[in-house]
Amino acid sequence: MKKILIINGPNINMLGSREPGIYGNATLADIEKAISSLAKELKVEVEFFQSNHEGEIVDKIQSVKDKVFAIVINPAAFTHTSVAIRDAISAIAAPAIEVHISNVYSREEFRHKSYIAGVCIGQIAGFGVDGYLFALKKLASL
Ligand code: CA2
């Protein structure tokens with residue numbers, strides 16, 4: 001069975017508690033539940049990983065080299081800063097899709113730059129939890 005790793009970056013574990021106008025009401029647990037339910041339908045295996053630490057995300061990506069079929073990643077704030085996460089994705093063969101809950105392009109200028117998107121097969125922003133589901137569906141179909 002194809003295994004797809006879902007990575008969420010810093011503060012995504014706090015979703016649902018503040019800024020519902022930007023991120024909606026869903027918590028990380030709600031997002032993972034929706035992903036698990038779709039994964040079952042698509043007959044793919046999913047693994048979840050969330051970290052507030054850049055190096056831990058790099059370590060995780062390195063550790064799944066040749067072990068996962070694909071990656072869905074919401075790098076959160078590291079999207080706009082992390083050459084290290086970009087290089088880690090670059091170094092593995094598995095295709096990745098970058099997901100953002102909010103439309104980063106309608107927000108502050110510093111959120112318009114992604115260090116990650118260029119090493120992904122695509123980017124989805126602005127569609128809330130549905131973005132993760134679309135990314136999973138796309139990767140499962142490859
Ligand atoms: O829209 C997204 O998914 C983001 O990746 C979310 C990040 C943000 O830094 C990116 O620019 C876009 C922030 C994640 C969570 O932030 C929270 C803020 C307040 C309360 C709870 C979570």
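Modeller: Asn-8 is found in strand E1, which covers residues 3–8; helices (H or I, at least four residues) and strands (E, at least two) are DSSP runs numbered from the N terminus. Before going on: residues are numbered from 1 along each chain as its sequence is written, and side-chain values use heavy atoms, with hydrogens and water left out. This is a predicted model, where local features need pLDDT of at least 70 and side-chain atom pairs count only at pLDDT 80 or more, while totals for chains, interfaces and linings use all residues.

Back to Asn-8: because its relative accessible area is 1%, it counts as buried (under 20%; exposed is over 50% and partly exposed is in between, with a 1.4 Å probe and protein chains only). Its side chain makes a polar contact of 2.6 Å with the side chain of Tyr-132. Such a contact is a pair of N or O atoms within 3.5 Å; within protein, one must be able to donate a hydrogen and the other to accept it, and residues adjacent in sequence count only if both atoms are side-chain atoms.

Next comes the loop between E1 and helix H1 (20–23), where Pro-10 has its place. Pro-10 is buried too, at 11% relative accessibility. Most residues other than glycine have a negative phi. Ala-76 is another non-glycine residue with a positive phi, about 50°; it lies in the loop between strand E3 (70–74) and helix H4 (83–90), and is buried at 13%.

Now the ligand. 17 residues surround it, and the closest are Asn-74, His-80, Ile-101, Ser-102 and Arg-111; to count, a residue needs a heavy atom within 4 Å. A polar side-chain atom of His-100 lies 2.9 Å from a ligand oxygen. A polar backbone atom of Ile-101 is 2.7 Å from an oxygen of the ligand, and a side-chain N or O atom of Arg-111 is 2.8 Å from a ligand oxygen. The protein covers 91% of the 510 Å² of accessible area that the ligand has on its own (Shrake-Rupley method, 1.4 Å probe).
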